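Keep the viewer open as you read.

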Amino acid sequence: MRRRALREEPLIFERNQLRTLRQGVLLPSLDVADIEPTAVLPPDLVRDDVPLWPDLGELEVVQHFHRLSQLNYAVDEGLYPLGSCTMKYNPRINERTARLTGFADLHPLQPDDQVQGALALMWELEEALKTLTGMAGVTLQPAAGAHGELAGILMIRRALEERGERREVVLVPDSAHGTNPATAAFAGYRAVEMPSGPEGTVGLDTLDRMMTDEVAAIMLTVPNTLGVFEHRIVQIAELVHRRGGYLYMDGANLNAFVGRALPGRMGADAMHINLHKTFSTPHGGGGPGAGPVAVSEALLPHLPVPRVERTDDGRFRMLWDDPSSIGALRGYFGNFLVLVRALTYIRAMGADGLRAMSDVAVLYANLVRHRLRKAYHLKFDAPSLHEVVFDDNRQAVRDVHNTDIAKRLLDYGFHPPTMSFPLIVHGALMIEPTESAPPEEVEAFCDAMLSIAREAEENPELVKTAPHTTPVRRVDEVRAARQLKTRWTPD
Amino acid sequence: MHPWIGAGHEDRRRILDELGLGSVDDLFATLPAEVCVDRVDLPEALDEGTVLAEMEGLAAANLEMGAGPSFLGAGVYRHIQPSVVDAVLSRAEFFTSYTPYQPEISQGTLQVVYEFQTLICQLTGLDVANASLYDGATAMVEAVLMAHRVLRGARDRVVLAETVHPIYRRVLAAYASSAGIEVVTVPAGSEGRVDLERLRAAATEATCAVVVQSPGFLGVVEPLAAIAEIARSAGALSVEVVTEAVSLGLLKGGGSFGFDVVCGEAQSFGVAPGFGGPHLGFFACQQSHIRQLPGRLVGESVDEEGRRAFCLTLSTREQHIRRAKATSNICTNQGLMALAATVWLEAIGGTGLGQLARQNLSRAEALKARIAGLGGGWRVAYPASPTFNEFLLLGPSSGEELASRLAAEGVLAGVPTRRWGGSWPDGLLVAVTERNSAVDLDAFIAALGRVS
Amino acid sequence: MSVPGDLKYTRSHEWLRKDDAEVVVGITQYAQEQLGEVVYVELPDVGRNVDANEEIGTLESVKAVSEFFAPIAGEIVAVNERLADEPNLVNDDPFGDGWLVRISASEDGDLLEPEEYQAFLEEESH
């Protein structure tokens with residue numbers, strides 16, 4: 001609980017209301033002739049309006065953002081157990097290497113001979129990801145997981161076209177994250193929902209029935225969004241391949257088994273990796289991420305361009321054109337400065353570190369499962385890997401729901417788990433501790449959850465009216481949608 | 001054990017005991033043996049010093065733009081980077097936090113995005129802007145897809161000016177067939193702008209969007225009023241793409257001319273060139289299109305005690321709710337880069353941005369004037385066409401050869417255009433920003449002289 | 001749970017009221033309660049010809065989207081314009097001012113009587 005006064009911070013547009021001119025940033029002094037814009041540009045194109053935002057001194061700007069930052073919870077403050085988000089520690093060394101001017105001050109269109117270090121870095125990261133997945137090739141281009149999914153599905157579509165086949169359907173389990181069917185639809189496929197079996201996993205009978213020659217691919221998250229490993233994955237992949245389809249693997253939950261198991265051996269044809277999840281690059285309050293995609297031999301020819309190639313003399317070049325490629329899904333080569341952080345992390349952790357990472361992630365999730373079971377309902381009994389999904393069934397009889405539990409957790413100084421997802425668990429609480437925190441932090445989280453369960457029994461109003469100690473209370477989201485106001489305007 | 005793994009060996013043993021397990025391997029019993037390995041074939045862990053040395057070695061093997069005078073543009077620009085930007089970005093409350101789904105403890109992030117949205121609206125002259133997209137190229141793709149949706153899929157053609165960045169056009173091509181969209185490209189004319197008559201002829205009742213870039217790829221500013229009218233007459237949506245966001249400090253955004261969408265790349269606002277990423281796509285549109293807006297959106301509301309509070313809104317457009325019917329499949333935006341742009345714009349100030357943009361114009365005009373006086377086969381390709389801070393330079397040999405020889409003279413003189421083909425001569429795109437001093441311009445001219 | 005006796009119903013929770021050659025359509029009390037506070041309604045174009053059980057629009061709350069369907073075949077002759085500014089009418093008065101569309105009916109559909117809908121609701125909640 002914050003025991004210091006926090007002033008409410010106005011919008012920047014509300015500062016310096018008289019709009020007096022203060023010195024913001026000192027510009028380089030003008031050592032050429034000052035040109036009047038309307039003398040060289042069509043006057044109707046030249047701005048003639050008054051800027052909406054003020055000019056402020058440097059400290060005023062610093063204070064504005066400093067105060068705003070203090071309204072945020074962050075990984076550096078405490079546990080952030082968001083299921084499927086893998087909110088692990090963002091090592092500080094990553095921030096140093098990403099800021100090296102030899103990386104940050106590079107233009108993407110500089111010729112290959114000027115950027116051999118950058119190309120080598122991308123190559124090394126690709127090789128490391130190939131090793132970690134046991135797969136044949138990697139693209140570093142996608143900007144995020146969802147973007148990687150699209151790349152994977154488009155490569156599959158291209159492979160089918162080369163085979164002279166046109167399949168219309170992609171199968172997606174009902175437990176899947178919304179990006180999966182959204183991606184399939186975006187790529188022109190019909191996303192058909194596959195019901196999960198009683199253990200929350202894909203049933204082979206269901207798959208056998210639904211895997212027709214109309215199906216281009218199945219998109220599976222492994223382990224699934226319940227934190228349960230698809231133990232029949234090898235048979236699933238074999239069945240899909242036998243019927244001429246492809247297996248797309250959503251790698252959001254890779255933190256569960258990295259260093260221990262290889263998606264390549266599971267039969268994955270394409271798998272995206274969220275560097276901002278498994279490989280510690282920061283979430284940044286909503287990005288940037290990076291979603292490289294590892295592919296099997298079958299999809300290798302269709303990797304996006306531009307991509308890095310190694311030449312015979314051990315140097316590197318950027319390949320810009322390849323008729324078999326699906327083309328470019330964004331400008332340039334990828335979120336390069338995010339890739340720098342990921343390679344830094346992989347080098348620092350090493351093979352044993354990466355394996356220990358998943359070991360402890362799974363260990364902590366099982367500790368949470370063990371301690372919270374007596375108080376919270378667990379819908380699926382199957383073993384959990386790196387995340388565990390409870391629901392609010394027991395608390396709902398007192399009209400306390402997962403949202404209330406989440407809001408009450410804020411009062412205890414923790415970020416809530418993921419809620420209301422997967423859709424197959426009503427009132428879900430998806431908890432992923434990750435391996436970064438000390439055991440005492442994970443135990444303190446468990447204590448908080450148990451305390452809230454008791455409150456739900458003995459004093460439900462306290463939970464239903466939470467949070468009580470955050471900078472703002474529950475926000476009226478209905479009003480935000482009904483009375484849309486998405487920008488400041490002068491009155 | 002490792003510094004970034006919270007539990008040591010004794011801690012793990014204690015937890016295993018509590019769970020009644022012999023070893024961690026017991027927790028992985030559901031993994032079939034055939035997919036498992038004893039150890040992945042990667043090197044062992046390295047201490048910080050060694051990792052840093054390795055990364056520094058890779059960085060040192062690159063020629064960074066700051067090593068000498070640099071005039072590289074073509075969609076990625078080198079502007080001043082005030083120290084406050086990185087200082088704010090380095091605050092852990094901003095960079096180690098997640099998407100603001102719990103508004104009670106994310107008002108910092110939410111308010112920053114609200115300010116960003118407001119700034120983009122003012123610069124573009126439009127009513128609503130989203131929280132950012134991956135980059136300029138994907139922002140353009142999203143605009144085309146939105147136009148297609150707004151017109152209910154009844155019109156399948158996009159009319160695209162050749163003067164839109166070739167990389168953006170390639171990216172659209174990669175998406176177009178999946179989306180059932182046909183792209184018609186209208187060539188550049190002899191003045192380095194899109195050929196307006198051919199644009200008019202191409203925009204028919206089958207067109208869902210007319211897409212132009214201003215300043216265009218060749219640096220020339222387009223007649224936005226006339227283009228908006230062409231789109232309007234055809235019943236199509238008009239889209240302006242901007243790759244050099246600083247130009248909006250001096251030039252009116254398409255919203256002032258009735259454009260439906262203004263989108264593009266805001267990397268110029270305090271985001272490092274970073275060898276191509278992460279960058280910052282921006283997207284603004286008219287209020288009437290808000291239900292089809294891609295990406296995240298922050299709205300203003302109140303909390304239970306009447307305090308002003310911000311939250312994500314209209315989430316029902318997005319994939320986690322709409323699933324197969326989402327407006328796009330974007331999940332992550334570029335939150336930290338939007339923060340960078342917001343800090344940059346607010347530090348420089350509203351008036352300051354106008355002054356900075358004006359410096360860009362003045363410096364580019366100065367260089368153009370000096371080239372005009374050079375002779376020796378050097379000339380500005382479109383001397384009569386208005387430009388902002390970038391222009392096409394022609395010389396005694398091919399753009400690639402010129403770039404190479406000038407680099408040997410210590411000047412990164414520009415981006416060769418030959419790789420992109422197109423209805424323009426083979427030359428160098430030269431960008432001049434506030435970071436190019438008169439000394440830089442002298443060095444540029446002197447290098448041209450030595451290479452003639 | 002309110003199930004007015006002068007209306008007909010569907011299994012997708014729409015109600016229908018005959019008004020000469022047209023029918024007025026909305027969603028039931030049960031449906032609006034399940035949905036939560038409606039923030040936006042997407043209505044079909046006037047003049048569109050629809051089949052029975054065809055999806056004709058959506059109702060959005062903050063966290064979910066629900067489609068609604070034409071209970072019978074016909075032409076959309078009017079939509080409730082008030083919902084653009086007052087989507088809350090669907091919650092506040094689902095059988096009255098919260099109506100969605102008017103259809104000029106070309107045939108009768110497979111509809112439920114009030115008692116049948118009531119029974120259906122009881123099944124649903126188990």
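Chains A and B meet through 166 residues of chain A and 159 residues of chain B, where two residues are in contact if their C-beta atoms, placed from the backbone, lie within 7 Å. On the chain A side, helix α11 (residues 336–372) gives the largest share, 22 residues. Helices (H or I, at least four residues) and strands (E, at least two) are DSSP runs, numbered from the N terminus. That side of chain A comprises 100 nonpolar, 41 polar and 25 charged residues; here Ala, Val, Leu, Ile, Met, Phe, Trp, Tyr, Cys and Pro count as nonpolar, Asp, Glu, Lys and Arg as charged, and the others, Gly among them, as polar.

Before going further, a word on conventions: this is a predicted model, in which local features need pLDDT of at least 70 and side-chain atom pairs count only at pLDDT 80 or more, while totals for chains, interfaces and linings use all residues. Residues are numbered from 1 along each chain as its sequence is written, and chains are lettered from A and ligands numbered from 1 in the order in which they are written.

A:Leu100 is buried because 20 other C-beta atoms lie within 10 Å; the cut-offs are 20 or more for buried, 12 or fewer for exposed, and partly exposed in between, with C-beta atoms placed from the backbone. Leaving aside neighbours within four places in sequence, A:Leu100 is in contact with B:Met55, B:Glu56 and B:Ala59. A:Val340 is 240 residues away from A:Leu100 in sequence, yet their C-alpha atoms are 9.9 Å apart.

Now turn to chain B, which is divided into domain 1 (9–60), domain 2 (70–80 + 352–451) and domain 3 (85–347), with bounds from an automatic or database domain assignment. The centres of domain 1 and domain 2 of chain B, taken over C-alpha atoms, are 51 Å apart.

Chain B also holds an open, antiparallel sheet of four strands in the order β10-β11-β13-β12. Two strands pair if DSSP finds at least two bridges between them. At the edges, β10 (379–380) and β12 (415–416) of chain B each pair on one side only. Two antiparallel bridges join β12(B) to β13 (residues 428–431) of chain B, and B:Pro416 stands opposite B:Leu428 in β13(B).

Finally, find helix α6(B), where 13 of the 15 residues are buried. Just after α6(B), B:Arg152 takes a positive phi of about 60°.
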